[in-house]
Amino acid sequence: KEGGMRVLADAIRSKGMQPGVWLAPFACDKNSKLAKDHPDWIIRNDSGRYANSANCGKFFYGLDATNPEVRKHVYDTIHRAVHEWGFDVLKLDFLYASCLAGNGKYDNTMSRAEAFYLGLRTIREAAGDETFIIGCGCPLGTAIGWADGMRVSCDTGPTWLPEFPLPHWDNGTLPSLRGMLRNTLSRSVLGHRWWHNDPDCVLLGNTTKHTDNEVISAASVVGMTGGMFLLSDDMEKVSDARLSVARKIFPLTGVTAVPLDLHSTMNGGMPSVLRLWCAEKSIMTDEVNGNFEVDVSGKVLREQASKLQTEVGWSPRNNNIDPYSRERSCFFVAPGLGSWTVASLSNWTSHSTTMSVSFAALVAHSIQDFAAMGAPKDSISSNAGPGEKSENGYHVFSFWSSEYVWIPHETLVDNSPLVKKLESHQTEIFHIKPADPTSCQYIGSDLHFSCGFEVSSFVAGE
């Protein structure tokens, strides 16, 4: 069509969206015109043959980033996509092809990391600072500072494990849902530190072999880790039930959960417990000078939420916050909702099992924040005598199953676990909120996994 790619980009932008395009700037098909015209641009291995840059059966070549002619070719390609075609987002795949092993390169004095650095710098210079670049098939270390988003997992797939002809035992790198989730969980700590994590697509379609539990687990992990949320299905063919799962994690909170068992060797190294915190937005004053005064109502829960926002919440105007503290894991909701813990528990085994996690590990921060705010001792400790139950406790709402239980304060004191029976590959998300017997509280809904993002305002009645 006349106008080509520019017409497409403009049409997408006219709908209120940002146009993006997929490119593989350092990959070269073996039958392409480029391979025939510029064989000297292609990396050769130590035997003098073209180096293999294959991916799941597709053999292609890698273009040598040490070669200035290759870098000019890449610069022109990226510049054209952004400044002539008008694309704001670039997903750049197979970037590892620029630094394949082999001594058949233009400049063998460069290390592979140096070659890759040159390639990424060329891409950014051509695209400009305002273009959102997603790295894919990209060595992580050298890419820090160059990419805005980064694929942190292998490809997802239509099955839990790779299926024939792929070897099922290689579920860490070959396309599969398990591999995608394992990588996303273990690399969640990189998100919002180095870039926005890209976990690959959440597959909703019934054309896959994913069970409903597996679809919900994938959505839960993406929602809790708070990176990018990608869909690739033909949405007109997705069932209402599966589409509802996607709606319940959108929009993302923009914060990253803490994996409590990141270094566990159980479940094949897949973390099964993620934790987020939530705090209400407090009324701030004197924002121009950056001197914030918190309007505290006097209630302990409001004091706790204000403290979380002031000392834990991230603000571009506050340079005193430790970048490694938990503001990365605390999201904000409407005033009046209070503060709570959001935790997910997953069963990654192939059979149903009873899962448990220390209740104190999920809510201990609440007790610490209460005490730090100078709250009355009877609000942070049991008011019961021997053999009695206290009024203090926690509302626990299970999001996906819409179940509610009240857990007494003694559960925390006794270090008792939170227990849930889960089917194979099932995930549950819990919302744990300190009970306030003097006021009406919002406990949760089935609208959004955070049980808070869906509320624009909340005022407790008398």
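Among contacts in the chain between residues at least 6 apart in sequence, what share joins residues at least 24 apart? The figure is 70%. This is a predicted model. The chain has 462 residues, and buried residues make up 50% of them. It holds 11 helices and 16 strands.

- An open sheet is built from 5 strands, in the order 1-4-5-6-7. Their pairing is parallel.
- Strand 1 (20-23) and strand 7 (196-198) are the edge strands, and each of them pairs on one side only.
- From one strand to the next, the twist averages 20°.
- Strand 4 (residues 89-92) and strand 5 (residues 132-135) run parallel and are joined by 4 bridges.
- Helix 3 (residues 68-84) lies across strand 1 and strand 4. The helix runs at about 150° to strand 4.

- Helix 8 spans residues 240-247, and its buried residues are Arg242, Leu243, Val245 and Ala246.
- An α-helix has 3.6 residues a turn, so residues three or four places apart point the same way.
- The buried residues of helix 8 pack against helix 7 (212-225).
- Asp240, Ala241 and Arg247 are exposed, on the face of helix 8 turned away from the buried side.

**Strands 12 and 15**

- Strand 12 and strand 15 pair in the antiparallel sense, over 6 bridges.
- Within this pairing, Ser356 has Val419 of strand 15 as its bridge partner.
- Strand 15 (residues 417-422) has one covered face, made up of Leu418, Lys420 and Leu422.
- The uncovered face of strand 15 carries Pro417, Val419 and Lys421.
- In a regular strand the side chains alternate between the two faces of the sheet.

**Aromatic pairs**

- The count comes to 14 aromatic pairs.
- Trp160 and Trp348 form a stacked pair, with 6.1 Å centre to centre and 20° between the planes.
- This pair links distant parts of the chain, 188 residues apart. Trp160 is in the loop between strand 6 (149-151) and helix 6 (177-186). Trp348 is in the loop between strand 11 (340-346) and strand 12 (353-358).
- Trp160 and Trp348 are both buried.
- Phe331 and Phe453 form an edge-to-face pair, at 5.6 Å centre to centre and 80° between the planes.
- This pair, too, links distant parts of the chain, 122 residues apart. Phe331 belongs to strand 10 (residues 330-333), and Phe453 to the segment after strand 16 (427-434).
- Phe331 is buried, with a relative accessible area of 2%. Phe453 counts as partly exposed, at 30% relative accessibility.
- One aromatic cluster is formed by Trp22, Phe60, Phe94 and Tyr96.

**Cysteines**

- The structure holds 0 disulfides.
- A disulfide is a covalent bond between the sulfur atoms of two cysteines.
- For Cys99, the closest cysteine sulfur is in Cys138, 8.5 Å away, which is too far for a bond.
- For Cys138, the closest cysteine sulfur is in turn that of Cys99, also at 8.5 Å and too far for a bond.
- Cys99 counts as buried, at 7% relative accessibility. Cys138 counts as buried as well, at 10%.

- Asn392 lies in the loop between helix 10 (359-372) and strand 13 (393-398).
- At 12% relative accessibility, Asn392 counts as buried.
- Asn392 and Asp436 are 44 residues apart in sequence. In space, they are 7.6 Å apart, C-alpha to C-alpha.

Definitions and conventions. Residues numbered from 1 in each chain as written. Heavy atoms only, no water. Buried < 20%, exposed > 50% of the residue type's maximum accessible area, 1.4 Å probe, protein only. Helix = DSSP H or I, 4+ residues; strand = E, 2+ residues; numbered from the N terminus. Contact = heavy atoms within 4.5 Å. Disulfide = S-S within 2.5 Å. Pairing = 2+ DSSP bridges. Axes fitted to C-alpha atoms, helices over the stretch in contact; angles between N-to-C directions. Phe/Tyr/Trp six-rings, centres within 6.5 Å; stacked < 30°, edge-to-face > 60°.
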